[in-house]
Amino acid sequence: MPEHATSTGRKTRRMPVQTQASINLIDLLYKITLLRCFIKWILRLVTGTCELQRITQKYKSGVCTVKIEESLQRSKFSEIRQMIEVEPEDIDAAIQQIISLKNISFDANSRFISCMKVCLEQIHGYDSLFCTIEELRVETYNSCNGNHEALLLKLWNLLQPENALKERVSRQWGEIGFQGTDPKTDFRGMGILGLKNLVYFAEVHNELARKTLLHSHHPQYGYSYAIVGINLTSMAYEFMSSGLLRTHFFNTVHGRPNVNHFNEVFSYLMFEFDKFWMKSEPENVMEFSRIRDEFNQTVEAVLKYVPSAKLSLDNSS
Amino acid sequence: MGLLKLLRKLKSESNKELRILLLGLDNAGKTTILKKLASEDINHITPTQGFNIKSVQSQGFKLNVWDIGGQRRIRPYWRNYFENTDVLIYVVDSTDKKRLEETGVELEELVTDEKLSGVPLLVFANKQDLLQAAPASDIADGLSLHTLSGRTYQIQACSALKGEGIQDGLEWVMKTVSKKKK
């Protein structure tokens, strides 16, 4: 900031502009922190409750968890900040510790404890679900593994119950959208996660999955069902690893999310992408990358900017 | 004079852009090669529905690399991308002996297409890190590369996964096109 540099006068030593700017920034941050502490102190005096209590009273579901997490991360007690970084072994004990450190008083009917418990479980549940998802992703499809093979045949039977698979290696796999005669090479970087997602959608939302498969056979707007599915697993995985699905899980799962909750996100993407694709009326399948990117941006915007975001399957239309 | 100079400069700049087409059967490793060329992570690759495109800088050239899906139902669309191609890179899975004939038939169709006549051809004999991979010379025989006439071509053994051989292939591409552009 050049004006500031001249106003400091001749006596002070000239500092590089960058250093001055960073000092101004530190100064500003310091003032904001002081102001925040002051406001918190006043609020505590007036309402008789601490910030955490005010959050649990004011906000619901996902927003509450996000605010609680921010508040805990900014806590002056290192023990409390640590609770966000590493999952406490005993969450009840951790909450008692917060209560005593912050000297919180509340009446017995308060939902403070139950609320804090859900928040902490949601925050850490997300991270441990990501570990599970990552384990499934790095598990590559192996045709010598009986479980993998059984899962693959299950997918066929769920999607094509009236049409028996004549051979394990067969052109028929193309009917459900694999590339060649053996799906084993199609899972690539998504591994068993891609297969599990497809099987879940076909099993739990069988009618929707078969309707989607039917769309994928459309003479003009057709696409490869399984391959698109594996690309959507990749999309769901990216949302998960970048933390974007936190809003969705905090809003929809009252505690720790599990693999099936992730499978539901995949099912949502599969169903919604199909609608998006058909509505785009693509010239042919070569438009996939463009339409996928547009779809990705649409979902991403919801997850980023809508605090009440829920990616729930809506099959009414 | 100034304007003329500027126009000349613009012309030489536009000459520095190359269109490279990456083709081959599904699971040959085209997308992995594309990502390696662009120095991107190759752990999250998915089968290509449609195509991917990336621009890579190399030796003052801007390479626009088109990676088109290799599954059978997409192959009829390959020819939509032939126009103005500077180099064709054909990728072969050296472990897939069962489909060596199939990939040979597809390549044969490419090299007999008028739109690709005279376009230099680089064949990547990919997946050389795997034990069961056939050596590049066997792949060259299987594809009958020696029967190609009127075309500069090269076969390059590589492992996209390990990043081996890719740079050598790229160097051949750069050498061939700079000779041609002069």
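In this predicted model, the contact between the two chains draws 26 residues from chain A and 19 residues from chain B. The area buried between chain A and chain B amounts to about 2,000 Å², and carbon and sulfur atoms give 49% of that area. Of the area that chain A buries against chain B, 36% is supplied by Q179(A), R188(A) and M286(A), more than by any other three residues. Between chain A and chain B, the count of salt bridges is zero, whereas nine residue pairs are in polar contact, both residues being at pLDDT 80 or more. On the side of chain A that touches chain B, two elements give two or more residues, namely helix 11 (225–241) and helix 14 (288–305) of chain A. Helix 11 of chain A gives the most to this side, with seven residues.

Within chain B, helix 3 comprises twelve residues (residues 100–111). At 1.5 Å a residue, helix 3 of chain B should span 16 Å, and this agrees with its end C-alpha atoms, which are 16 Å apart. The buried residues of this helix are T103(B), G104(B), E106(B), L107(B), L110(B) and V111(B). These residues cover an arc of only 165° around the axis and therefore lie on the same side of helix 3 of chain B. The face turned away from the buried side carries the exposed residues E101(B) and E109(B). Among the elements that cover the buried residues of helix 3 are strand 1 (17–23), strand 4 (87–93) and strand 5 (121–126) of chain B.

The loop between strand 4 and helix 3 of chain B contains S94(B). The relative accessibility of S94(B) is 1%, so this residue counts as buried, the cut-off for buried residues being under 20%. When residues up to four places away in sequence are not counted, S94(B) touches A125(B), N126(B), Q128(B), Q132(B), A133(B), A134(B) and I139(B). In sequence, S94(B) and C158(B) are 64 residues apart, while in space the separation from C-alpha to C-alpha is 9.5 Å.

Note on methods:
Residues are numbered from 1 along each chain as its sequence is written. Chains are lettered from A and ligands numbered from 1 in the order in which they are written. This is a predicted model: local features need pLDDT of at least 70, side-chain atom pairs count only at pLDDT 80 or more; totals for chains, interfaces and linings use all residues. Side-chain values use heavy atoms; hydrogens and water are left out. Helices (H or I, at least four residues) and strands (E, at least two) are DSSP runs, numbered from the N terminus. The expected span of a helix is 1.5 Å times one less than its number of residues. Buried means under 20% relative accessible area, exposed over 50%, partly exposed in between (1.4 Å probe, protein chains only). The arc is that of the directions from the helix axis to the C-beta atoms. Contact means heavy atoms within 4.5 Å. Buried area is the accessible area (1.4 Å probe) that two parts lose on being put together, summed over both. A salt bridge is a side-chain nitrogen of Lys or Arg within 4 Å of a carboxyl oxygen of Asp or Glu. A polar contact is a pair of N or O atoms within 3.5 Å; within protein, one must be able to donate a hydrogen and the other to accept it, and residues adjacent in sequence count only if both atoms are side-chain atoms.
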